[in-house]
Amino acid sequence: MAKLNGKVAIVTGASRGIGEAIAKLFAAEGAKVVCAARSLNEGDHKLFTGSLNTTVAEIKAAGGTALAVQTDLSREESCVRLVAKTRETFGPVDILVNNAAVSFFAQIKDMTLRQWDTSWAVGPRAIFVLTKEVLPDMIKRCSGAIVNISSSGAIGPGRGPYKDRGPGANSGTKYGAQKAAIERFSQGLAQELYQYGISVTALSPSQLVVTPGTLFFKMAASPNDPRAEPPDMMARATLLLATEPLDKVTGRVTYSQQILQEFGWIKKGQGTGIDRPGSGYSQI
Ligand code: NAP
């Protein structure tokens with residue numbers, strides 16, 4: 001039986017990658033999905049293929065319901081419009097998936113303030129704005145789920161001394177700091193909202209996911225990188241966190257294959273959360 005019949009979900013970063021996979025699975029499970037990102041049409045992004053209209057067309061071709069809302073998450077008014085347009089089209093939001101991120105990988109000494117500000121605005125700041133926009137409806141109905149996408153980058157390098165000076169070493173400080181902030185925010189928000197029956201969770205891939213983003217930053221060696229898990233693993237784990245009962249999931253900071261294995265959705269997982277420990281927040 002479909003798990004999201006009648007539910008209204010917003011998925012940010014649904015023009016490509018993990019967000020696209022989440023949007024498609026949610027729609028296949030019966031949700032009315034609002035897909036948000038900047039790229040409305042193919043060619044809108046200088047570097048990447050994928051667009052909201054492509055995601056929505058594929059959802060509709062498969063018999064699902066979806067709407068593309070072009071959104072620049074770094075702008076408050078654009079986030080506010082996204083939620084208003086969702087409410088106007090489909091009704092109050094049941095599920096918010098904060099998946100979008102913009103990544104600049106550079107050491108702090110080489111990073112511009114603009115890069116720093118933009119990525120905080122698309123990441124933690126937009127999560128704050130969207131959360132504030134969806135909460136009145138969720139609180140009124142005493143139900144809802146917010147899933148924030150994090151990364152094992154939140155784990156950090158630990159204490160020194162640091163002998164590894166290889167290529168790329170230490171270039172994820174900003175990215176990791178944002179993801180750590182998202183994890184702390186998620187757990188605190190989960191505690192605040194428990195009384196209203198609203199779950200808040202943070203989810204990261206257990207392994208690399210090949211997406212336009214990871215291919216561009218050469219984190220994925222190729223579309224068939226053997227170290228990777230399929231994007232569907234994150235989509236299924238997001239579905240799990242958005243649908244399992246509040247007391248079983250709220251406040252969890254977890255990893256795709258860890259949570260899927262724990263709930264018996266996959267037999268045997270691997271990667272972060274299973275073969276190696278996750279972040280501090282995933283352990284409390
Ligand atoms: P991706 O391929 O780089 O896609 C990023 C998405 O964010 C795109 O849909 C992009 O759409 C959207 N976005 C960027 N800036 C935006 C803005 N200003 N306003 C609205 N949307 C914006 O990323 P991904 O690899 O799928 O990753 C998705 C999430 O998983 C991220 O939070 C990432 O940190 C996390 N993650 C991924 C991996 C992995 O292995 N892939 C590992 C750990 C964590 P537009 O460009 O069209 O706006």
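Helices (H or I, at least four residues) and strands (E, at least two) are DSSP runs, numbered from the N terminus. This is a predicted model, in which local features need pLDDT of at least 70 and side-chain atom pairs count only at pLDDT 80 or more, while totals for chains, interfaces and linings use all residues. Residues are numbered from 1 along each chain as its sequence is written, and side-chain values use heavy atoms, with hydrogens and water left out.

Leu47 sits in the loop that runs between strand S2 (32-37) and helix H2 (52-61). With a relative accessibility of 54%, Leu47 counts as exposed (buried means under 20% relative accessible area, exposed over 50%, partly exposed in between, with a 1.4 Å probe and protein chains only).

The charged pairs can be taken next. A salt bridge is a side-chain nitrogen of Lys or Arg within 4 Å of a carboxyl oxygen of Asp or Glu, and the whole structure contains 10 salt bridges. Lys24 forms one of them with Glu20, with the closest N and O atoms 2.7 Å apart. Both residues belong to helix H1 (residues 17-28) and stand 4 residues apart, about one turn of the helix. Lys24 also meets Glu58 in a salt bridge, at 2.4 Å from N to O. Lys24 lies in helix H1 and Glu58 in helix H2, so this pair ties together parts that are 34 residues apart in sequence. Lys24 is partly exposed at 27% relative accessibility, and Glu58 is partly exposed at 38%. Through shared partners, Glu20, Lys24 and Glu58 are joined into one network of salt bridges. Another salt bridge links Asp110 and Lys109, whose closest N and O atoms are 3.1 Å apart; Lys109 counts as exposed, at 66% relative accessibility.

On a 1 Å grid over the protein atoms alone, a cavity is a set of points where a 1.4 Å probe fits but cannot get out, and lining residues have an atom within 4 Å of a point. Grid points are joined across faces, edges and corners, and a volume is the space filled by probe spheres set on the points. The structure has 2 cavities of 30 Å³ or more. The largest cavity has a volume of about 50 Å³, and its lining includes Ala101, Ser119, Tyr175 and Lys179. Helix H4 (113-141) and helix H5 (173-193) are the elements that give two or more residues to this lining, and H5 provides the largest share, 4 residues. The second largest cavity holds about 40 Å³ of space. Among the residues lining the second largest cavity are Thr12, Leu73, Asn98 and Ala126, and the largest share of that lining, 5 residues, comes from H4.

Key: 1 Å grid on protein atoms, 1.4 Å probe; cavity = no way out; pocket = protein on both sides within 12 Å on 5 of 7 lines; lining within 4 Å.
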